[in-house]
Structure formats: C-alpha cells, structure tokens
Amino acid sequence: MSFNGINRREFLFMGAVATAAVVSMPRFSLANVKQATLSDCMDMSPEEMARQSKLVTDSYDYLLGVVDSIQDAGIRKGVKGIIKNPAPTIMSQLADPANRKAAYADLKAQGYVEKTSQEDFLPAGSADKSPQPFLSSPGSGYQSHHSYPGGVVTHTAANLMLSDALYNNYKKVGPSGNSVGGPSLANLRVEF
C-alpha cells in the first residue's frame, strides 16, 4: 500500500529517522536561570531581554559554534556577517523611487499590500545596518510561536539541531552500506 508515492515501509522508516533525530538533539541546561518580572521586562529593550534569556543566549552560542564549523572560509564569513548584522540589503534597490514604485505595484497585484498605501510601504531604512539585531529579533508576529525577543534565534537553533540530528541518524540507519533501505533524502530542500 502506498500514499503519494511513499509505501508503508518508507513511511515507517522516515518516522523512525525523525524520532531518532528528535531524541538525539542536544539539550540546553536551564540551571542558573534568573526569573524576571513583567515589570523588569517592561524596563528592558528587546536586546536586553534577549541577553537576559538563558535559552536565547545558549541558542545564539550554539548557532555561532555551528557557523564556526563551516569549512569554507568565505561562506563562514558571510553567514557570520548576516548573524552579526542582518542588514536589509534590498533597501539599496528600494532607495530608487522607480524601483520602490515597481516593487509596490508587483506586491499589490498579488494582494500582499492591500491595506498599505504606497507612502507607508517599507519605511526608509539603511541597507547597511539592521534595524534590530538578530539576537533580539522575534521569530514571528504576536500571538504566534517564537514571538518574543530572541525568538528567531531559538527557532533557527532548534531547526538546525533537528536537521543535524536527522542527518546524523540517517547516516547511521540509512541505506548506504546496510539493508535497512528507505527513501533518499538527497532530494530534500532546506531553505534558510
């Protein structure tokens, strides 16, 4: 029996690999965690809140460690540069009024900016400096997952840990050199 081209054996194999990935993920210690009151947080900037969070700072340190392990020096430098200053380089193209108008028209035609006027579309900003550090950026909008200062850091770290664990566990139980079998993960696409 198969569903969408995946048979039962392949499905069970992928489930076992995913479970092994989750089980083998590194765990952060929550020892020495300081509690902060809502009043304390209201007196802090988003960056100060992120720096006070053990989960966020442990996740950030993990990400920097992974970046340091990138073998290609050029890629390592580029990724570290993005983490240190995720500058919106698209702003350099949108500084030209004609490009800004064309981008707005394209997005409006697709229904993405129905409630935003062209005057309010993407406030002017620097293409060289991020308006907010990666460390304190939320991972989503309010009332969604990782919507706190540093949420994008914990989200990225969790996804990287899952990907790494999945890769390492697949190497252990995958079809290369044994008879376990299963679908090829070579065609999976990972987007950052």
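Tutor: Let us begin with Lys80, which counts as partly exposed at 28% relative accessibility (buried means under 20% relative accessible area, exposed over 50%, partly exposed in between, with a 1.4 Å probe and protein chains only). This is a predicted model, in which local features need pLDDT of at least 70, side-chain atom pairs count only at pLDDT 80 or more, and totals for chains, interfaces and linings use all residues. Residues are numbered from 1 along each chain as its sequence is written, and side-chain values use heavy atoms, with hydrogens and water left out.

Student: Which side chain meets Lys80 in a salt bridge?
Tutor: A salt bridge is a side-chain nitrogen of Lys or Arg within 4 Å of a carboxyl oxygen of Asp or Glu. For Lys80 the N to O distance is 2.5 Å, and the partner is Asp68.

Student: In which helix does Asp68 lie?
Tutor: Helices are DSSP runs of H or I with at least four residues, numbered from the N terminus. Lys80 is in helix α5 (residues 73-84), and 12 residues separate this residue from Asp68, which lies in helix α4.

Student: Is Asp58 buried or exposed?
Tutor: The side chain of Asp58 meets that of Lys54 in a salt bridge of 3.1 Å, N to O. Lys54 is partly exposed at 26% relative accessibility. Asp58 has a relative accessible area of 17%, so Asp58 is buried.

Student: How many salt bridges are there by this rule?
Tutor: Another pair is Arg51 and Glu47, at 3.0 Å, N to O. By this rule, the count is three.

Technical notes. Helices (H or I, at least four residues) and strands (E, at least two) are DSSP runs, numbered from the N terminus.
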